[in-house]
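Subject: Structure for your review

Dear colleague,

Please find below the structure that I am handing over to you, followed by a summary of what was found in it. I would be grateful if you would read the two side by side.

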Amino acid sequence: MQSAAKEEADPEKNQGRYNLRRRKDDGDVKEAEAKSELQEERVEKVPAAPAAPAPTPLDFGGKIGAFFWMLFLPAWVLFLVLHVDQKDPSLSNFPPALPSLETFWDPQALVFVVLWILFQALLYILPVGKLSDGVLLRSGKRLKYRTNGFFAIVVSAAVVAAAVYQEVDLTYIHSHFLQLTTASFLISMMLSIYLYFRSRSTGPDERALGGNSGNVIYDFFKGRELNPRIKEFDLKFFCEMRPGLIGWCLINFAMALAEMKQQNLDAPSCSMILVNIFQLIYVVDGLWNEEAILTTMDLMHDGFGYMLAFGDLVWVPFTYTLQARYLVSHPKPLSLPLLATIIILKIVGFYIFRKSNSEKNAFRRNPSDPRLSHLKTIPTATGKSLLVSGWWRVVRHPNYLGDLIMALAWSLPCGFSHLLPWYYMIYFIILLVHRDSRDMSECRRKYGSAWDEYCRTVRYRIIPCVY
């Protein structure tokens, strides 16, 4: 789930690669020496990592948890889609009335989603933009990625503008939102099934460390293959950055048109304009800095399965657009002081988010870059260093801090009448707290005493009032 460019100051989160905990005497000194010699030999031959990584613990509640999330996530998206349509979308009106089964399905909606994905795939494969190097894999290989996301959203915007000029009714997206959601879910499910069966023929070096438990349901959910490709077409990278992310902006724009139509306005409301512009800036920034996603956990470590396929194609475009969709039927006028406050919050949050992510990505890609010589670091026994400079000296997750401030700016235009448009803010806090907890455990395991020193140096975890 998009998200995506939100990581800790650790320059690389490669599970199973390092173990800083000093081993006690196991009663066989010769075996320990042999292991040490073997590790030195591996470093000489394959600088990336050992050829046979250790198994990793199961995430998301293990096998039972994976089954639960596979059922819960579509149900939750359905709840949001149906609940926001109510005249009074308060929690006291839960549960929303379920429509007939025929209402969920529309062949035209499926065709629309398929054509949108194929259009984005065409833009992705065009020989436009930079070929970027990915991180070094366990096999010692380094994949190349076509990072032309900014080109894709510019062309997409031009096509949408041409459609509006030709009087194509884009409010269809608002009136058929449920059917479009269903169609996207079916496509994500079919993609997940394809990914699972193709992963059965992949070698150990091509599999993700965390998605090969041997349990069908867990591996289907988490994803087995790390970088599934059809020739040079990288399926995970494409889905992470293209149809859902750019579709997010398309849906927001359609909601602005729907608001004008439903409320008889000559122009979208200030609240709708703020939500559209703020989230468009966020997406455009991600696509302009598309290369940075190559050093995130999704690309480096997570397999491509149901979790990411559903997140990319359903969760992002159909839940992150909730504020814009809410405003269609529940317009909120903004006073000038509130308008100015929201804009300032967005600017501050975006600055922290972009500045810290740029520092992190540059440090991850090349810690020895002379341009980064001024940055302060803490060395670790792994040979890597922990960044304690710039925004990473203020809090351990300044990118999370910037994200939270921006999420607040996205929610404030919707007012305080209902909790529903604050869903993204609430969800994001829960997500980041959970991710921070996982990061703390993993980094303490990997870096040992160096991590303790890092925690003493950078006391605050996500925001300056949270230790």
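Is N264 buried or exposed? The model is a predicted one, and in it N264 has a relative accessible area of 70%. Because the threshold for the exposed class is over 50%, N264 is exposed. This residue sits in the loop that joins α9 to α10 (270–288). Although N264 is not a glycine, its phi is positive, at about 55°.

A second residue with a backbone of this kind is K231, which is not a glycine and yet has a positive phi of about 60°. K231 belongs to the loop between β3 (229–230) and β4 (233–234). Its relative accessibility is 78%, so K231 counts as exposed.

The UniProt record, an unreviewed entry, places the feature "transmembrane region" at residues 66–84, 104–126, 147–165, 177–197, 265–284, 304–322, 334–353 and 404–433. Two of these spans were examined in the model. Residues 104–126 are 83% helix and 0% strand, and the C-alpha atoms at the ends of that span are 35 Å apart. For residues 304–322 the figures are 79% helix and 0% strand, with 26 Å between the end C-alpha atoms.

F119 is part of helix α3 (residues 107–125). With a relative accessibility of 22%, F119 counts as partly exposed, because that class lies between the limits of 20% and 50%. Apart from neighbours within four places in sequence, F119 is in contact with V155, S156 and V159. Of these, S156 is 37 residues away from F119 along the chain, and the two C-alpha atoms are separated by 8.8 Å.

The second largest pocket

The second largest pocket holds about 800 Å³ of space. It is lined by 27 residues, of which W69, W315, Y427, I430 and L431 are the closest to its centre. Two or more lining residues come from each of α2 (62–83), α7 (216–222), α11 (297–300), α12 (306–319) and α16 (423–447). The largest share, 8 residues, is supplied by α16.

N252 is located in helix α9 (residues 243–263). Its relative accessibility is 2%, so N252 counts as buried. When residues up to four places away in sequence are not counted, N252 touches V275, N276, Q279, T321 and A324.

T457 lies in helix α17, which covers residues 449–457. At 24% relative accessibility, T457 counts as partly exposed. The side chain of T457 reaches the backbone oxygen of E453 at 2.9 Å. Beyond its neighbours within four places in sequence, T457 is in contact with I378, V388 and R393. The C-alpha atom of T457 is also separated by 9.7 Å from that of R396, a residue 61 places away along the chain.

With kind regards

Note on methods
Residues numbered from 1 in each chain as written. Predicted model: local features only at pLDDT ≥ 70, side-chain atom pairs only at ≥ 80, totals over all residues. Heavy atoms only, no water. UniProt positions renumbered as here; feature names shortened; annotations may be inferred. Helix = DSSP H or I, 4+ residues; strand = E, 2+ residues; numbered from the N terminus. Buried < 20%, exposed > 50% of the residue type's maximum accessible area, 1.4 Å probe, protein only. Contact = heavy atoms within 4.5 Å. Polar contact = N/O pair within 3.5 Å; in protein donor to acceptor, adjacent residues only side chain to side chain. 1 Å grid on protein atoms, 1.4 Å probe; cavity = no way out; pocket = protein on both sides within 12 Å on 5 of 7 lines; lining within 4 Å. Points joined across faces, edges and corners; volume = space filled by probe spheres on them.
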